[in-house]
Amino acid sequence: MKRLSLDDIQLGTLLGVGTVGEVYAGKLKETGEQVAVKLLLPSLSQDELVRARFQREMLILQKLNHPNIIRYYGGGKHDGRLFYAMEAVSGGTVKDLLERFDRLSWREVASIARQVCSALQHAHNHGIIHRDLKPGNLFLDQSGNIKLGDFGIARDTFSADLTSHGLTVGTHAYMSPEQIVGAENISGKADLYSLGCVLFELLTGQKPFQGTNFAVLFEQHLHTTPPHAIDFVADCPQALSDEIAKLLAKAPEDRPFNARAVQGVMMQLLDQKPSVGPTSDRTAKKVPYSAQTSASDVSAAAVIDPGMALLARKLENAEVRSVSWRALAILGGVIFLIVCAVAIAGR
């Protein structure tokens, strides 16, 4: 495991508190790189299972090195608390983006899917199943690059599982049927099912299943046929709607072969050349693309991805709005103080 001392990091503000840890902004003193530091909560530091999961997450992140996965810088122990430093990402999460804009365009969705698939294929190649893929675990930088994070309940198929057999783990709205029934040997296809739930939600603005509690949701995941995305979004390409439907197949063997295959479909969609007219998305000419293309070719920076450009523009606009609101708040406070001073002076 990459060793790191907390003395090597200049800790900044608290960014958030999760179920097992606190996350702080930080900077590596040696290189000046901005990082996020996750520390195990003091109240859980003596819990053997929680500590084991935290250490497993660190080991998993150390195994993975991919541009679409949060980078791991190292970790260690401080005052009895485990911690690790990871890449800091400034664009928030896809969940934040969805809450701000309700839904995303199909090109943005295809771009997100392309990048997530690249990350998943890398993880699956290393025996890692994420098991908690959802919009809140997809982070963004200001250029529209996706970073898959939070491997807290990930399964390393090359090591003993820390989850008891028959126990369900994951987030109810995105859990695959095999996760729900606590199947002993789940594969990367569980992540593909979760990806289908995510893509449907990003495209339509609603989850594929609308159960009001976990029991109803589980029943729907297990037995209810999901709706088709194209029925909710008029300009959704048929190929995208069909691929989401395949991802949401109940049986793992009915889903796409692997994340690379899904990535190939998304690349074909993003390679479409828009034509003139209102049906451009449906009639666009496709550039041939092989689903067998290597991961390095697919995720290379040279790939032209119009969806990334759209995401970057939204992030830029959101940042401008955030700055504007802060400026207005400060200005309002100054005006308030001036008015109060004038009122007092006039007495």
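**Close-up views of a predicted model**

View 1. The structure is a predicted model, in which local features need pLDDT of at least 70, side-chain atom pairs count only at pLDDT 80 or more, and totals for chains, interfaces and linings use all residues. Residues are numbered from 1 along each chain as its sequence is written, and side-chain values use heavy atoms, with hydrogens and water left out. Helices (H or I, at least four residues) and strands (E, at least two) are DSSP runs, numbered from the N terminus. In H6, which spans residues 214–223, the buried residues are Leu217, Phe218, Gln220 and His221. These residues lie on the same side of H6, because they cover an arc of only 160° around the axis, the arc being that of the directions from the helix axis to the C-beta atoms.

**View 2. The starts of H6 and H1.** At the start of H6, a side-chain oxygen of Asn213 reaches to within 3.1 Å of the backbone nitrogen of Ala215. The N-terminal end of H1 is capped by Asp47, with a side-chain oxygen 3.0 Å from the backbone nitrogen of Leu49.

View 3. Helix H1 (residues 48–63) has 16 residues and reaches 23 Å from its first C-alpha to its last, close to the 22 Å expected at 1.5 Å a residue, a span taken as 1.5 Å times one less than the number of residues. The buried residues of H1 include Val50, Phe54, Met58 and Leu61, and what covers the buried residues of this helix includes strand S3 (34–40), strand S4 (72–78) and strand S5 (81–87). H1 lies across S3, S4 and S5 and runs at about 25° to S5, with axes fitted to C-alpha atoms, for helices over the stretch in contact, and angles from 0 to 180 degrees between N-to-C directions.

View 4. Five strands form an open sheet in the order S1-S2-S3-S5-S4, with antiparallel pairing, where two strands pair if DSSP finds at least two bridges between them. Strand S1 (9–17) and S4 are the edge strands, each pairing on one side only, and the twist averages 25° from one strand to the next. S1 and S2 form a hairpin with 3 residues between them, and their antiparallel pairing extends over 6 bridges. Within this pairing, Val17 stands opposite Glu22 in S2, while Ile9 has Leu28 as its bridge partner.

Note on methods. Buried means under 20% relative accessible area, exposed over 50%, partly exposed in between (1.4 Å probe, protein chains only). A polar contact is a pair of N or O atoms within 3.5 Å; within protein, one must be able to donate a hydrogen and the other to accept it, and residues adjacent in sequence count only if both atoms are side-chain atoms. Contact means heavy atoms within 4.5 Å.
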